[in-house]
Amino acid sequence: MSKRIKAIRGMNDILPQDSAVWQYFEGTVRALLNQYSYGEIRLPIVESTDLFKRSIGEVTDIVEKEMYTFEDRNQESLTLRPEGTAGCVRAGEEHGLLYNQVQRFWYMGPMFRYEKPQKGRYRQFHQIGVETFGMAGPDIDAELIIMTARLWKTLGIADQVTLQLNSLGSNEARAEFRDALVAFLKLHFDQLDEDSQRRLESNPLRVLDSKDAGTQAVLQDAPSLHDYLDDESRTHFEQLRAALDAAGVAYEINPNLVRGLDYYCKTVFEWVTDALGAQGTVCAGGRYDGLVQQLGGKATPAVGFAMGIERLVLLLEACDVVGHIRRTPDIYVMSEDAIQGLLLAESVRNQLPGLRVQCHCGGGKFKKQIKKADDSGARIALLLGADEIQNRQVTVKFLREQRDQVVIPQDQIQTFFAENLISQES
């Protein structure tokens, strides 16, 4: 017997019993973004490797260690996208959608990074991203954050997430701070963890992100990024905070929040939770005013965020707010005549479009079919025997309630269900 082929490590199947929560989450986000008048953009999964080297930064962990990169038959270097912002900028610039224009985009799909798989962090993972272009003021930063706050309320997890906020300032201010931070950390090099020692020359701001207790102790006396903010960035940040205060969105200032990608400037933010253990960030983003120009376009202000679907699904399940999602049929249709059963199921779907209807296929006696109906989890079974078929009737059997079964005309199914208060919400 040949060896079974299994899924690649860190690239997981999403089975039907799990996908119902995914569909609920994705549908909720899609409805919210439509309410805010954001347009969906669908991007390729594979892009030119140079796109990510030029945008994310060649000395970031993503580019150095985590990208799935390969040569195609034309010896071009291609990469499975590790994030969505660079591809969105590329598409916007390529199709003439950015310069001197205001755009609000969103996208959804898989991303790929080679790292150690663990709960909530996989090699193929899924994100919903939102990107806006052409708006330089803090009001659009505020809109994005307010929109995510609304999402958490809609999902019922607002009390499980906390907003962390920071400003990285302009590129010039951040470069000045970077030099001061490097000079300070070199004086304490031996006290830093191994990753921070490695990052000191290549990406020193990521040292601020270190989870190592010893490194964090050193950072207590390090220069503060806020002391190096330029006046424009400081004003921008103050106005953003005022907007969030006015909207009633609570936040914490985290001076060590820097994000892992080189293109961020000014506003950065993360929504974090302690309900998932170590993998605490469920949504993050910020402003990247220089990225369009960095990728060959005209200077364009931009700000966006991305949220990890896997982590948010875990959070929804951990908070027990998805119990209302039905994974089972509402109605199970069975018949002595297979064709009549199929036709009845279609009629029920026409009359009750909001319900989940499953038709028994494969034949068998009624006793076996009723067992299948019960195993399906359906609330109600509709039975078609010879008499019902001849008289254009159907027997309604309640599988989850102590109620007598009844016989009704097939053309009165909709009326019967309405009068018996059977919800059409799946």
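Which residues have the most contacts inside the largest nonpolar core? This report starts there, using a predicted model.

## The nonpolar cores

Trp152, Trp271 and Met307 have the most contacts inside the largest nonpolar core. That core has 46 residues. Helix α5, residues 138-155, gives the largest share of it, with nine residues. A second core is separate and holds 43 residues. Phe133, Ala222, Val258 and Val292 are among them.

Take a closer look at Trp271. Leaving aside residues up to four places away in sequence, Trp271 touches Ile145, Thr148, Ala149 and Trp152, among others. Its contacts also include Val161, Thr162 and Leu163. Val249 is another, and so are Gly280, Thr281, Val282 and Cys283.

## Helix α4

Helix α4 covers residues 85-94 and is mostly covered. Seven of its ten residues are buried. These are Thr85, Ala86, Gly87, Cys88, Val89, Ala91 and Gly92.

What do the buried residues of α4 pack against? Their partners include two strands, β5 (103-112) and β6 (124-133). They also pack against β2 (46-48), α2 (49-56) and α10 (291-294). Just after α4 comes Gly96, with a positive phi of about 65 degrees.

## Cysteines without disulfides

The structure holds zero disulfides. Cys265 is in none, and the nearest cysteine sulfur, that of Cys88, is 16 Å away. Cys265 is also buried, with a relative accessible area of 6%.

Cys359 is in no disulfide either. For Cys359, the nearest cysteine sulfur belongs to Cys361, 4.8 Å away. Cys359 counts as buried, at 13% relative accessibility.

## A buried charge: Glu388

Glu388 lies in helix α14, which spans residues 386-391. Glu388 is buried yet has no salt bridge. How far away is the nearest side chain of opposite charge? That side chain is Lys397, and it is 11 Å away.

The side chain of Glu388 does reach a backbone atom. That atom is the nitrogen of Gly385, at 2.9 Å. Not counting residues up to four places away in sequence, Glu388 touches Leu383, Gln393, Val394, Thr395 and Gln410.

Key
Residues numbered from 1 in each chain as written. Predicted model: local features only at pLDDT ≥ 70, side-chain atom pairs only at ≥ 80, totals over all residues. Heavy atoms only, no water. Helix = DSSP H or I, 4+ residues; strand = E, 2+ residues; numbered from the N terminus. Buried < 20%, exposed > 50% of the residue type's maximum accessible area, 1.4 Å probe, protein only. Lys, Arg positive; Asp, Glu negative; His and termini not counted. Salt bridge = Lys/Arg side-chain N within 4 Å of Asp/Glu carboxyl O. Polar contact = N/O pair within 3.5 Å; in protein donor to acceptor, adjacent residues only side chain to side chain. Contact = heavy atoms within 4.5 Å. Disulfide = S-S within 2.5 Å. Core = buried A, V, L, I, M, F, W, Y, C linked by side-chain atoms within 4.5 Å.
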